[in-house]
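This briefing describes the strands, the disulfide and the salt bridges of one protein model. Please read it alongside the sequence and structure shown here.

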Amino acid sequence: QVDLVESGGGLVQSGGSLRLSCTISGSTYILNVIGWYRQAPGRERELAATVSQFGVPDYADSVKGRFTISRNDVGNAVYLQMDNLKPEDTGVYYCNARGHGTDMRAFDSWGQGTQVIVSL
């Protein structure tokens, strides 16, 4: 079992910044892709940013140049630095991890989400 816990969400004014954190615990053998997805009110869940085991990031076009993803494999943590936030960034942000456990079983785990609200 792989558990993900997010923190760092909150209310911020347009143009402000937030830093999201996600800690990953459990018996993981390898984390192939870790990162963040978001769901705006009335919208489907979508990619925000992920980073692969090779350290290569993948950003949604809407956040490029404003968000920065980083990972700490030793500490099993992933972070999302969000700068110049816009109202359209509002939503629930979910941490996600895909990989393989020490039991050789693949996993695709999600956190409970942290809410981000960007006001005008």
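Predicted model: local features only at pLDDT ≥ 70, side-chain atom pairs only at ≥ 80, totals over all residues.

Arg38 is buried, with a relative accessible area of 5%.

**Salt bridges**

- The count of salt bridges in the model comes to four.
- Asp89 forms a salt bridge with Arg38, and the closest N and O atoms of this pair are 2.9 Å apart.
- This pair links distant parts of the chain, since Asp89 sits in the loop between E8 and E9 while Arg38 belongs to strand E4, 51 residues apart.
- Both partners, Asp89 and Arg38, are buried.
- Glu46 also forms a salt bridge with Arg38, with 3.0 Å between the closest N and O atoms.
- Glu46 is partly exposed, its relative accessible area being 37%, whereas Arg38 is buried at 5%.
- Lys64 forms a salt bridge with Asp61, where the closest N and O atoms are 3.1 Å apart.
- Asp61 is exposed, with a relative accessible area of 64%.
- Through salt bridges that share partners, Arg38, Glu46, Arg66 and Asp89 are joined into one network.
- As a general point, side chains of opposite charge can pair when their charged atoms come close.

**Strand E4 and its partners**

- Strand E4 covers residues 28–39 and pairs with strand E9, residues 91–101, in the antiparallel sense over 10 bridges.
- Within this pairing, Val33 stands opposite Arg98 in E9.
- E4 also pairs with strand E5, residues 46–52, again in the antiparallel sense, over six bridges.
- Here Ile34 stands opposite Val51 in E5.
- The hairpin of E4 and E5 has six residues between the strands, and Gly42 in this hairpin takes a positive phi near 75°.
- In general terms, strands of a sheet pair through backbone hydrogen bonds, either parallel or antiparallel.

**The four-stranded open sheet**

- Four strands form an open sheet in the order E1-E3-E8-E7, with antiparallel pairing.
- Strand E1 (2–7) and strand E7 (67–72) are the edge strands, as each pairs on one side only.
- Neighbouring strands of this sheet are turned against each other by 15° on average, direction ignored.
- Inside the sheet, E3 and strand E8 (residues 77–82) pair in the antiparallel sense over six bridges.
- Leu20 stands opposite Leu80 in E8.

**The disulfide**

- The model has one disulfide by count.
- This disulfide joins Cys22 to Cys95, with an S to S distance of 2.1 Å.
- The torsion about the S-S bond of Cys22 and Cys95 is about -90°, so the disulfide is left-handed.
- Cys22 lies in strand E3 (residues 18–26) and Cys95 in strand E9, so the pair ties together parts that are 73 residues apart in sequence.
- Cys22 and Cys95 are both buried.

**Links across the chain**

- Strand E9 takes part in two of the features described above: E9 pairs with E4 in the antiparallel sense, and Cys95 of E9 is tied to Cys22 of E3.
- Arg38 has salt-bridge partners in Glu46 and Asp89.

Conventions: Residues numbered from 1 in each chain as written. Heavy atoms only, no water. Pairing = 2+ DSSP bridges. Disulfide = S-S within 2.5 Å. Buried < 20%, exposed > 50% of the residue type's maximum accessible area, 1.4 Å probe, protein only. Axes fitted to C-alpha atoms, helices over the stretch in contact; angles between N-to-C directions. Salt bridge = Lys/Arg side-chain N within 4 Å of Asp/Glu carboxyl O.
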